[in-house]
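Please look through the sequence and the model shown here.

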Amino acid sequence: DELADLLQELGVAEPWRWSEALAAAGADEDWLRRLGQTAGDAIDAAISWVAATLQADSLTAELADSTERMSSLVGAVKSYAFMDRGTIAVMRDGKIERVIVDEIPAERQSRFNDVFADPHGRVFCGTMPSPNGPGRLYRLDLDGSLTVVIEDVLCSNGMGYTPDGKQMYFTDSERYTIYLFDYDEATGSLSNRRIFVQHAPELGLPDGMTVDADGFVWSAHWDGNALYRYDASGREVLRIPFPVRKVSSVIFGGDDLSDMYITTAGGDQKATDGEHAGALYRLRIPGVRGTPEHLSRVGL
């Protein structure tokens, strides 16, 4: 069911990862609406951040009390913000508290797109292509250092892990491809890239994704009007149509992680993208559950 017509232009690029991560912690519908308004205020203030991860040191203990307190935590939550020009900063109270990476010379005409924390709290952060060339996937390690892990990326997007934590998925939207890598949890290194899913352009761009507790991959399709489910071999086993064109991301939430939250975009183009474009949806499928998302632990 539809929760709220929160997003007016971009479904998950990318402050709305806040609402997804906090939904996984049990935030109720009214609180998510308030979060949408607060994030919108931050955007109106011209803060040029496009992606964020929630930081473990300021969030875990506060959320442990009860979801009733969440309305007072929106501004207090600490996050790492990933901006244009390769800038990475600590955000609190909607303001930059500290800059970790001032800029990345190769990304001066680009921006970050999707970001994803691993089990150790490292952050994988992907950039968009620019006039200087394709984007890249970086890894932000716990000491604040940055490492390029994938070159020649056309559009960095959704990431996820297999249930055993030994493999990692990475989406390159403009190649219509989800890749699968071997993942070394001890070092954060990726190896043995191969194609997990590659599909025709008419199905839209694979965008945000997540992995459920049984190892099935869920992929939102931008300009594809649908959410897809793939088994561990990459075979499509389910396609759920949406009444909007730009289905942008998906995450599990709720007390037992049996609620799926799906973001959509195009809220400023309802005539072409659908009356409810830009809405946040909740979906429940009997027997399908997710796993908890990881928090960043950079600098802890």
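Val115 has Cys125 as its bridge partner in E7. Strand E7 covers residues 123-127 and is joined to E6 by four bridges, the two running antiparallel. The names follow DSSP: helices (H or I, at least four residues) and strands (E, at least two) are DSSP runs, numbered from the N terminus. Two strands are said to pair if DSSP finds at least two bridges between them. The model is predicted, so local features need pLDDT of at least 70 and side-chain atom pairs count only at pLDDT 80 or more, while totals for chains, interfaces and linings use all residues. Residues are numbered from 1 along each chain as its sequence is written, and side-chain values use heavy atoms, with hydrogens and water left out.

E6 and E7 belong to an open sheet of four strands, in the order E6-E7-E8-E9, with antiparallel pairing. At its edges are E6 and strand E9 (146-153), each of which pairs on one side only. On average, neighbouring strands of this sheet are turned by 20 degrees against each other, direction ignored. For such angles, axes are lines fitted to C-alpha atoms (for helices over the stretch in contact), and angles run from 0 to 180 degrees between N-to-C directions.

Another open sheet has four strands in the order E14-E15-E16-E17, again paired antiparallel. Strand E14 (205-211) and strand E17 (236-241) stand at the edges with a single partner strand each, so one side of each has no neighbour in the sheet. Its twist averages 25 degrees from one strand to the next. Within this sheet, strand E16 (residues 226-230) pairs with E17 in the antiparallel sense over five bridges. Leu227 has Ile240 in E17 as its bridge partner.

The next topic is the aromatic rings. Rings of Phe, Tyr and Trp (its six-membered ring) pair if their centres lie within 6.5 Å; planes under 30 degrees apart count as stacked, over 60 as edge-to-face and the rest as tilted. By this rule there are eight aromatic pairs. One of them is formed by Phe82 and Phe112, edge-to-face at 5.4 Å centre to centre with 85 degrees between the planes. Phe82 lies in strand E3 (residues 79-83) and Phe112 in strand E6 (residues 112-117), so this pair ties together parts that are 30 residues apart in sequence. Phe82 is buried, with a relative accessible area of 0%, and Phe112 is buried with a relative accessible area of 0%. Here buried means under 20% relative accessible area, exposed over 50% and partly exposed in between (1.4 Å probe, protein chains only).

Phe112 also forms an edge-to-face pair with Tyr138, at 6.4 Å centre to centre and 70 degrees between the planes. This pair links distant parts of the chain, with Phe112 in strand E6 and Tyr138 in strand E8 (residues 135-140), 26 residues apart. Tyr138 counts as buried at 4% relative accessibility.

Tyr169, Phe196, Tyr228 and Tyr230 form one aromatic cluster. Of these, Phe196 is found in strand E13 (residues 189-198) and counts as buried at 9% relative accessibility. Phe196 and Tyr169 are 27 residues apart in sequence and 8.1 Å apart in space, C-alpha to C-alpha. Which residues is Phe196 in contact with, leaving aside its neighbours within four places in sequence? Among them are Tyr169, Ile178, Tyr179, Val217 and Tyr230, where contact means heavy atoms within 4.5 Å.
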